[in-house]
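Please read this briefing alongside the sequence and the structure shown below. The topics are taken one at a time, beginning with the ligand.

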Amino acid sequence: MSQSPTMRSIGHENDVVFDNIGMTFDTGAGVTRAVENVSGAIPEGKFVSVIGPSGCGKSTLLDMVGGLLKPTQGSVSINGEKVTGPRRDTAMVFQEDSTLHWRTVLDNVAFGLEVKGISKAERYDSARRMIELVGLKGFEDHRPGQLSGGMKQRVAIARALAMEPRVLLMDEPFGALDQQTRQFIGRELLRIWEKTRNRVLFITHDIQEAVYLSDEVWVMSARPSIVKEVVTIDLPRPRPEGTHALPRFRELEDHLWALVKVEAEKTLGPGARLA
Amino acid sequence: MVRWAILAALIVILEVTTRTGMISPALMVSPSEILARLVSIVPTERFGQDAARTLTTILIAFTIGLVLGIPLGVFLWRVPAAGRILEPFIVTGYAMPTLLFYPVLLAVMGLNAGPIILIAASMSLIPIALTTMVALKSIKPILHKLANSVSASPRQYYLKVLFPAATPLIFPGVKLGFIYAVIGTVAMEFILAAQGIGFRAGFYYRELNTADMWAYIAVVIVLSVLVNAVLTRLEKRIRRDML
Ligand SMILES: Nc1ncnc2c1ncn2[C@@H]1O[C@H](COP(=O)(O)OP(=O)(O)O)[C@@H](O)[C@H]1O
Ligand SMILES: [Mg+2]
């Protein structure tokens, strides 16, 4: 059920391809090797999650794919083109609240399209559809200040989806939410994704969430991080509510737990829990 | 409500104390007499010219403060090294009584609105530049990340993200900048000028004409209160729209 990432056949043209990518931060305070020698690919239409101990370089990896950070080693390419900066066909959702507090929900969701220069009528049209899709219908004219954390994250997700990205990058988008809300939004996300089937790179520290959502889960090691193992999630799709109770689900979850535990102990010492 | 009551009480106290001679007429005349003086001063052509001169000076100084102060604030934020180097100078400029340069400027530029505009504008500019810098610094890094991730152009970045995010924080500085423009203008006029409301107040002060001096001071007070009310209302509007 798992392969070493370097053994995989890498790089179909339509994939997101990591070619021996690495990132070293050189600040005045010292040098941090955040990511090292990551190779792999997100195949067309696949949902890939990344898990690993806190501080191992997951966000760094995602930012490199999003073109926000330039790797100090190797490169990422999307559709055969090397990523040199933010691309119009990728969209990102961040862990922190990234809503624009002076804009209404509608104008927040339309923001990405507005920047792309899409006409008002057209972008509002898409924005309204996305707002409905993420379950915020009726809140179009509200401002983020009037919304809960979960709703704000749904605004951010709707904004990313409205851009109809071919690659969707999400950095612990449900990290700040309570367990019930994150399970609910996770199901919603999957329901929406079944329709779009774009490539998703999803970062989480929640193993259940990773198993439930993904086609593949990449387990990152403690710093300097490599992708230690790629676990293929061979659960059938669509995945209804009872999926969590399947014996196969439990098996995959246990396997990932075991992998992650080793890494967490490396960073935090034995007996530590996954952060 | 309470504010109006305080104001009314203050006027009554002034009226009583000045009339009973508890405050010497050489220092202050009664509000009713000030009002009487205003009624005869305000309709005159000379008052119109003075008021026009003072208002245009204030507006020009404030506009310069705004037009230079905001880009300066942006620059100090964009180039942190420049910010670190220049900040002590700016803060010193803030603390220093700039009006000390007035005589020098008068000698160089002559007795016209120029020196006053220069001083009032530089007083107005500083709080505007400083609050702009602080406001931009305080914007959450995630907003920069977001703008970057959607490939916003520099123009879009400033107009759609930075300025809307910073405006509620910049506004108090802009308000302060306006107040400084008023203070700078009226104070310089008071010291030495050929025209203007501050000049008249100073003129009557030196003539020991307390009643007319207070009439002009009253004009400045009313003007400040009006401007402050307008700015406060504008600020509330902006905050409501942006927060
Ligand atoms: N801009 C940066 N400058 C210096 N070090 C950084 C920077 N960004 C991240 N790091 C360091 O790189 C490591 C990985 O960070 P990050 O990718 O945020 O981890 P994760 O998302 O897995 O928690 C951490 O040790 C962090 O301190
Ligand atoms: Mg992170």
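This is a predicted model: local features need pLDDT of at least 70, side-chain atom pairs count only at pLDDT 80 or more; totals for chains, interfaces and linings use all residues.

**Ligand 1 and its surroundings**

In this structure, an N or O atom in the side chain of A:S59 lies 2.7 Å from an oxygen atom of ligand 1.

**Helix α1 of chain A**

- Helix α1 of chain A, which runs over residues 58-65, is mostly covered, with seven of its eight residues buried.
- After α1(A) comes A:G67, a residue whose phi is positive, near 80°.

**Domains of chain A**

- The domain assignment divides chain A into domain 1, made of 2-89 + 165-268, and domain 2, made of 98-164.
- The C-alpha centres of domain 1 and domain 2 of chain A are 25 Å apart, and the contact between these domains takes 15 residues from domain 1 and 13 residues from domain 2.

**Nonpolar cores**

- The largest nonpolar core has 137 residues, and the ones with the most contacts inside it are A:F18, A:L61, A:V109, A:L201 and A:L256.
- Helix α8 of chain B (residues 154-191) supplies the largest share of this core, namely 13 residues.
- Because domain 1 and domain 2 of chain A both give residues to this core, it lies between them.
- Within chain A, and leaving aside neighbours within four places in sequence, A:V109 is in contact with A:A127, A:M130, A:I131, A:V155, A:A158, A:R159 and A:A162.

**Salt bridges**

- Over all chains, the structure holds 21 salt bridges.
- One of them joins A:R182 to A:D206, with the closest N and O atoms 3.6 Å apart.
- This pair links distant parts of the chain, since A:R182 is in helix α6 of chain A (residues 179-196) and A:D206 is in the loop between β9 (199-203) and α7 (207-213), 24 residues apart.
- A:R182 has a relative accessible area of 6%, which means that this residue is buried, and A:D206, at 14% relative accessibility, likewise counts as buried.
- A:R182 also forms a salt bridge with A:E209, where the closest N and O atoms are 3.1 Å apart.
- Because A:R182 lies in helix α6 of chain A and A:E209 in helix α7 of chain A, this pair ties together parts that are 27 residues apart in sequence, and both A:R182 and A:E209 are buried.
- Another salt bridge is formed by the side chains of A:E265 and A:K261, at 3.5 Å from N to O.
- Both A:E265 and A:K261 lie in helix α8 of chain A (residues 247-268), where they are four residues apart, about one turn of the helix.
- A:E265 is partly exposed, with a relative accessible area of 27%, and A:K261 is partly exposed as well, with a relative accessible area of 43%.
- A network of salt bridges links A:E194, A:R197, A:D215 and A:R237.

**A buried threonine in chain B**

- B:T17 belongs to helix α1 of chain B, which covers residues 2-19, and its relative accessibility of 13% means that B:T17 counts as buried.
- The side chain of B:T17 reaches the backbone oxygen of B:L14 at 3.1 Å.
- Not counting residues up to four places away in sequence, B:T17 touches B:M22 and B:I23.

Note on methods
Residues are numbered from 1 along each chain as its sequence is written. Chains are lettered from A and ligands numbered from 1 in the order in which they are written. Side-chain values use heavy atoms; hydrogens and water are left out. A nonpolar core is a set of buried Ala, Val, Leu, Ile, Met, Phe, Trp, Tyr and Cys residues joined through side-chain atoms within 4.5 Å. Buried means under 20% relative accessible area, exposed over 50%, partly exposed in between (1.4 Å probe, protein chains only). Helices (H or I, at least four residues) and strands (E, at least two) are DSSP runs, numbered from the N terminus. Domain bounds come from an automatic or database domain assignment. Contact means heavy atoms within 4.5 Å. A salt bridge is a side-chain nitrogen of Lys or Arg within 4 Å of a carboxyl oxygen of Asp or Glu. A polar contact is a pair of N or O atoms within 3.5 Å; within protein, one must be able to donate a hydrogen and the other to accept it, and residues adjacent in sequence count only if both atoms are side-chain atoms.
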